[in-house]
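Please look through the sequence and the 3D structure shown here before reading on. The report that follows describes selected side chains, the contact of the chains and the surface.

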Amino acid sequence: MSSTHITTGGYQHAHHYKSAGDEFEASKQGMWLFMVTEVLMFGGLFVAYTMFRAMYPEMFHEASKHLAVNLGLTNTIILITSSLTMVLAVIASQKGQKGRILLHLGLTFLLSCGFLVVKYFEYSGKIHHGILPGGLFTNTEITHPKAPLFFSLYYVMTGIHAFHVIVGMGLMVWLAVRTMRNEFSPAFYTPVELVGFYWHFVDMVWIFLFPLMYLVG
Amino acid sequence: MSDHNEKHQHEGQEHHHFILPERTAVAVGLALLVLTGVTVWVAGIDFGRLNFTIALLIAVVKASLVGLVFMGLKYDRKENGLIFVTSFLFLAIFIALTATDLLFRGDVYVKGPLVAASGKSQFKKPWISTTELVAKGKTLYEQQCVACHGAQGRGDGPAGAGLNPKPRNLTAAEGWKNGHKATGIFKTLTQGLNQMPVFSSLSTDDRWSLTQYVLSMGPAAEKDTAADFAALKIDPTKDDGGAGAGEESKSIPVEVAIDLLAVPEQKAQR
């Protein structure tokens with residue numbers, strides 16, 4: 001038995017799987033199923049967005065102008081770059097390069113911090129101008145009576161997204177701790193890859209949120 | 001035991017997965033950044049309604065790059081890709097079915113030969129008869145009422161023959177349950193009465209026009225009292241055409257809806 005353990009890099013898969021490969025595939029498929037639930041959760045919000053935009057196109061046009069495109073664009077660049085560093089962390093884990101895993105996880109974490117800082121300035125700017133969701137809306141520059149609806153969608157969609165970013169940062173810390181404990185090897189890097197999936201999904205959601213929120217034509 | 005070990009060893013070797021070349025990862029990252037630039041650039045150009053489609057299209061391309069390369073769907077087992085793509089299929093169904101309901105609500109009222117049910121009233125005080133109201137009401141009467149109430153309003157239309165009670169003779173002086181006055185007729189049109197269906201599918205203006213035409217067929221109308229107006233939530237001092245007056249809800253009876261939906265050809269001929 002012990003020789004087997006060595007050939008799989010010291011990793012012993014859970015006993016109910018035939019092999020580490022099976023375990024990896026099962027974990028990955030589980031993650032894909034989770035991604036499906038995420039698509040449908042954000043999906044409900046995108047449906048609400050689509051319907052209200054179809055009902056009040058001129059309101060979306062007016063309200064969207066009050067979002068800061070440069071901040072949204074900055075965050076898009078940050079998030080795409082962080083997706084890239086996350087991929088590089090996964091590649092490093094597949095190759096067993098501990099130092100590079102930590103480097104790229106660290107970069108991803110820093111970029112996520114950057115995303116949240118930009119978000120903080122964005123939100124506080126909006127709140128300062130009385131641009132709040134629903135009944136809390138007190139801004140007088142935006143004249144369309146249904147405008148609070150747009151900002152309700154804005155806060156809920158970007159808010160849930162930002163929550164995902166925070167969760168992702170926690171997962172990165174968790175991965176870094178496990179990396180430092182030498183728990184990952186080319187034979188076992190499932191958590192790194194799956195957190196990578198999660199992070200790319202967060203990126204994917206933002207890829208849609210950015211043009212839909214900030215760039216309403 | 002040694003067999004078992006060998007099996008493990010063998011599968012341990014199988015556990016070599018595709019490792020994305022770093023160059024590919026960086027190239028895709030750059031492509032995503034370039035496409036982000038394109039998104040912003042394109043948004044600055046006015047393509048009208050196409051802007052939404054273009055923005056979505058670029059987003060789909062970007063998301064596909066992320067999914068195929070960063071998430072490795074391109075190199076993964078096909079079933080994982082199928083699982084993920086299916087979720088978007090269901091999202092599309094979600095959007096489409098919601099759209100067929102939400103975005104087409106009100107079409108039952110609006111389509112057809114009638115004036116749009118929504119929008120501001122053209123009239124100021126439509127409970128006071130004008131020749132314009134009566135003329136408009138006559139046209140509507142010939143479309144909506146003749147079948148039961150008859151061309152002369154005597155309640156002798158062919159569709160009304162089998163009804164019990166019989167359709168109202170609109171030329172009669174007596175027996176008006178809601179009163180032979182503007183508010184009374186309007187109330188009947190809006191809320192229905194016995195076999196008389198609800199006509200709240202018609203716009204408020206249309207119902208007032210019909211009211212004035214119906215009153216013009218019979219003897220002189222009674223005067224509307226303050227209580228009559230109050231019951232319909234109309235302020236008779238305002239010039240708002242009694243918008244939304246007396247309506248219980250925005251719904252229409254099932255049979256009216258079926259009639260409106262099921263026989264578009266007949267409606268077109270009317």
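E183(A) is partly exposed, with a relative accessible area of 30%, where buried means under 20% relative accessible area, exposed over 50%, and partly exposed in between (1.4 Å probe, protein chains only). Its partner R181(A) counts as exposed at 58% relative accessibility, and the two form a salt bridge whose closest N and O atoms are 3.8 Å apart; a salt bridge is a side-chain nitrogen of Lys or Arg within 4 Å of a carboxyl oxygen of Asp or Glu.

This is a predicted model, in which local features need pLDDT of at least 70 and side-chain atom pairs count only at pLDDT 80 or more, while totals for chains, interfaces and linings use all residues. Residues are numbered from 1 along each chain as its sequence is written, chains are lettered from A and ligands numbered from 1 in the order in which they are written, and side-chain values use heavy atoms, with hydrogens and water left out.

Side chains of opposite charge can pair when their charged atoms come close. Over all chains, a search of the whole structure finds 10 salt bridges, and 3 salt bridges are counted between chain B and chain A. The table lists examples.

| Salt bridge | Closest N and O atoms |
|---|---|
| D76(B) and K28(A) | 2.9 Å |
| R181(A) and E183(A) | 3.8 Å |

E25(A) lies in helix 2 (residues 20-55) of chain A and R77(B) in the loop between helix 3 and helix 4 of chain B, so this pair joins two chains; helices (H or I, at least four residues) and strands (E, at least two) are DSSP runs, numbered from the N terminus. E25(A) counts as buried at 14% relative accessibility, whereas R77(B) is partly exposed at 37%. A network of salt bridges links E25(A), R77(B) and E79(B). As for D76(B) and K28(A), both of these residues are buried.

The contact between the chains takes 57 residues from chain A and 53 residues from chain B, contact meaning heavy atoms within 4.5 Å. Together the two chains bury about 5000 Å², 76% of it on carbon and sulfur atoms; buried area is the accessible area (1.4 Å probe) that two parts lose on being put together, summed over both.

One residue of chain B, L32(B), lies in helix 2 of that chain and counts as buried at 0% relative accessibility. Leaving aside neighbours within four places in sequence, L32(B) is in contact with I80(A), K62(B), L65(B), V66(B) and F70(B).

Which residues form a nonpolar patch on the surface? They are L40(A), L89(B), F90(B), I93(B) and L97(B), with about 480 Å² of accessible area together. Such patches are made of residues with over 30% relative accessible area and no salt bridge, like charges being joined within 9 Å and nonpolar side chains (Val, Leu, Ile, Met, Phe, Trp, Tyr) within 5 Å. Helix 4 (residues 78-102) of chain B gives the largest share of the patch, 4 residues, and F90(B), which has its place in helix 4 of chain B, is partly exposed at 48% relative accessible area.

Chain A has 7 helices and 0 strands, and of its 217 residues 55% count as buried.

Technical notes: Areas by Shrake-Rupley, 256 points an atom, 1.4 Å probe, with all protein chains shown as cover.
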